[in-house]
Amino acid sequence: MRAVVLVGGFGTRLRPLTSNLPKQMLPIVDRPMIEHVVGHLAAHGVEEVVLSLGFLPDTFRNAYPDGRCAGVPLHYAVEPDPLDTAGAIRFAAEDAGIDEAFLVLNGDVLTDLAVDELVGFHRASGAEATVSLTPVDDPSRYGVVPTDTDGRVTGFVEKPPAGEAPCNWINAGTYVFEPSVLGRIEPGLRVSVEREVFPAMADEGVLYGFRSEAYWVDTGTPETYLGVQLDLLDGVRGPARSGVDDAAEIHPGATVRRSVIGPGVVVAEGAQVCDAVVMAGSRIGERAVVDGSLVGRNATVGPEAQVLGLSVVGHGAEVAAGELLSDDRRPEQD
Ligand code: GDD
Ligand code: MG
């Protein structure tokens, strides 16, 4: 089977980390996010991945110059303008010449979903499209998807107001599409699969939902992007592992706890890094504190500075000596 993976969004909620780097090229512990996503597909026998690109497409081309990612051949489909999710799927599927049932993925989701079971369920139900579903506590950030007892989707509500969701099973961002779905999407226009295509298909009774309680995280916010990496360190997903790269330089008088420390990072004497991600080449100065926060590549946290409470420091940014950031972004965002 082939898979279209959507990676063309602007990643606005993760700015400034995504101001000049697509979300799916940000690291998850030791590899770019896209390699985790494609690696999972490869483990389920996917033979080609079509990357649906818009924002900064050359970043992907340059990272995979031989056209393979996690061992899987890539096809690059670059939209001339952002076409939104459905427009992007149609564009990419046509660009790659897809004419059989195929998978579609939101490229910012990390999951252990049994893709083979999803496909088996899709075939058995005779659906035109099947959406994987996962249960969450707060459905208001997602597409909410009630089903009947056979799994037929009875409605699709994208990001309902808090407290108004009809259930807590949400669109988990992996779909199986029959090629006929493409004919429902007007070519060359911005069309949303969640707000237009799925609600119409639910009304016709041709959309099914496959419920799964497998590990699932949408990494699109600072909280979830950090959390998914702490899950890997904690052994919540697979065996627990260290997040400290061999090529990091940690002073014996520094404290590093439950954190991802990338290659070339320097953590100076007396510094404390806890529950945090510090990307390649950054420097954490003497007695500085980084706690529950994200620091991009080649950034500098000056001596005695404090970066706390889900703060986000962009690539190459500087936090001055002694400065305090709490739930803040550097450079500041509008
Ligand atoms: N090529 C292309 N073009 N890709 C796009 C575009 C576009 O115009 N817009 C968004 N994307 C990509 C993003 O890069 C991301 O991988 C994926 O589409 C989903 O976009 P997000 O911006 O991450 O959406 P979301 O997280 O708010 O909501 C979506 O995901 C939830 C589950 O993770 C929806 O599909 C919800 O219904 C769903 O519950
Ligand atoms: Mg998302």
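# Close-up views of a predicted model

**Helix H1 and the residue that follows.** The buried residues of H1 are Met33, Ile34, Glu35, His36, Val37, Val38, His40 and Leu41. In this predicted model, helix H1 spans residues 33-43 and is mostly covered, with eight of its eleven residues buried. Just after H1, the backbone at Gly45 adopts a positive phi of about 80 degrees.

**The surroundings of Lys23.** Lys23 is placed in the loop that runs between strand S1 (2-6) and strand S2 (27-28). The relative accessible area of Lys23 is 9%, and the residue therefore counts as buried, the cut-off being under 20%. When its neighbours within four places in sequence are left aside, Lys23 is in contact with Gly11, Arg13, Leu14, Thr18, Met33, Asp108 and Gly220.

Asp108 lies in the loop between strand S7 (102-106) and strand S8 (109-111), whereas Asp218 belongs to strand S14 (residues 216-218), so the pair ties together parts of the chain that are 110 residues apart in sequence. Asp108 counts as buried, at 7% relative accessibility, and Asp218 is likewise buried, with a relative accessible area of 14%.

**The crossing of helices H3 and H5.** The axes of helix H3 (residues 84-95) and helix H5 (residues 193-204) come within 7 Å and cross at roughly 75 degrees. That angle makes H3 roughly perpendicular to H5. On the side of H3 the contact is made by Thr85, Ala86 and Ile89, and on the side of H5 by Val193, Glu194 and Val197.

**A parallel sheet of five strands.** The strands of this open sheet follow the order S17-S20-S23-S26-S29, and their pairing is parallel. Strand S17 (260-261) and strand S29 (329-330) are the edge strands, each of which pairs on one side only. Within the sheet, strand S20 (residues 277-278) and strand S23 (residues 294-295) run parallel and are joined by two bridges. For Val277, the bridge partner in S23 is Leu294.

Technical notes. Residues are numbered from 1 along each chain as its sequence is written. Chains are lettered from A and ligands numbered from 1 in the order in which they are written. This is a predicted model: local features need pLDDT of at least 70, side-chain atom pairs count only at pLDDT 80 or more; totals for chains, interfaces and linings use all residues. Side-chain values use heavy atoms; hydrogens and water are left out. Helices (H or I, at least four residues) and strands (E, at least two) are DSSP runs, numbered from the N terminus. Buried means under 20% relative accessible area, exposed over 50%, partly exposed in between (1.4 Å probe, protein chains only). Contact means heavy atoms within 4.5 Å. Axes are lines fitted to C-alpha atoms, for helices over the stretch in contact, and angles run from 0 to 180 degrees between N-to-C directions. Angles under 35 degrees count as roughly parallel, over 145 as roughly antiparallel, 65 to 115 as roughly perpendicular and the rest as oblique. Two strands pair if DSSP finds at least two bridges between them.
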